[in-house]
Amino acid sequence: MQIRPTKALINLSNLAHNYMVISGLVQPTKIIAVMKADAYGHGAHKIVEKLITLKNPPELYAVATVEEVIDLTISFPEARFLVFEPFNLTMIKSIGKYRYEVTVSSFDQLEYIKSSGLQERLGVHIKIDTGMGRLGFKTDEVDRLLKVLPAINIISIKGVYTHFATSDEPDRKFTCLQIERFEAVLRKFKAAGIETGMVHASNSGGIFDYPQAHFDAVRPGIALYGYYKNEETSTNLGLKPVMSIVGSLSTVKRFAAGESISYGRKYILKKDSWIGSISIGYADGIRRSLGSRIYCLINGKKYSQAGTITMDRIMIDLEDDEYQIGQEVVILSDDPKSDSSCWKWCSELDTIPYEITTGISKRVPRVYES
């Protein structure tokens, strides 16, 4: 039951719209929908539930951890899932029960598979590090890899993939170099007679800016949820933010000029004003460093957030406008051009939308709109 007045509204129509934008751009390439971090804070169960109903639904769903995949496979036993987390022996029991596909990115992991005792074939995606510098077989290890793989008969290669480090940045040189390196690796697989399964490389940046890297499948993450690169680019591509946050005024009080609001007395009123408070704070994902730097909206009119953001509550300066308790307030707008948009928060924090949406805590109920 929804009791708390503050909630994150998840617009499933906008999600479907974003998916169709991506699908229309990459067809006939398949889509691997990235659901990690609880679908970037949007609620993975409901997101998968919506995506499976769409035309040309995702071929595969990707998550970061085993815990995430177990949770989803229980609800969607017919769907295919890939775990990005590198294979390790603690996965053995869950793989047998939940039948997800795993990432293999090192020779140690191949040794784990050989010694695992698995009786059934294991679906793996081989990860190649073409320049991300995080996980994967380095390109100079591929010759050795191709000699080792045929000897491990319980492996069924479902895919070979890489990840781009700079695909959303203006300088294209490094991404093009990564593509060249990856294509060279794929040629080696072919020459060795080893099937690659589904080849995939493109994150959201690769999807929009590097059509030559679409390969067999693409992996949209943040673009599914309405964001890419910057506000202008996202809008021009037709992407629509999926999350907004709304609350209501729980108190409205009159304060005199010279009085202070919140911890540290960092917000001193210059004139008599109405101050409203809203049930949301840094424990809910509104970073404390945003204090007095963001705006909330009431009936389309913007009001400054006032003073230090507290754990459970923010205040807003209503100036001369007196509202009733219960008045709805937009805290985070799904209008990318709004003064309360995610892009405005990103600008103030020098961050990216990923960090904003994944940072909205579980204390904020997700409410889904068709």
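S244 lies in strand 11, which spans residues 243-255; strands are DSSP runs of E with at least two residues, helices are runs of H or I with at least four, and both are numbered from the N terminus. The model is predicted, so local features need pLDDT of at least 70 and side-chain atom pairs count only at pLDDT 80 or more, while totals for chains, interfaces and linings use all residues. Residues are numbered from 1 along each chain as its sequence is written, and side-chain values use heavy atoms, with hydrogens and water left out.

With a relative accessible area of 8%, S244 is buried (under 20% relative accessible area; exposed is over 50% and partly exposed in between, with a 1.4 Å probe and protein chains only). Leaving aside residues up to four places away in sequence, S244 touches K7, A8, L9, L332, S333 and D334, a contact being heavy atoms within 4.5 Å.

The protein contains twelve helices and 19 strands. Of its 370 residues, 53% are buried. Among contacts in the protein with a separation of 6 or more, 66% join residues 24 or more positions apart.

Helix 4 (residues 66-75) has V66, E68, V69, L72 and T73 as buried residues. Viewed down the axis of helix 4, the buried residues fall within an arc of 150°, so they line one face of the helix; the arc is that of the directions from the helix axis to the C-beta atoms. E67 and I74 are exposed on the other side of helix 4. The buried residues of helix 4 pack against helix 2 (36-40), helix 3 (44-51), strand 3 (60-63), strand 4 (81-86) and helix 5 (92-98).
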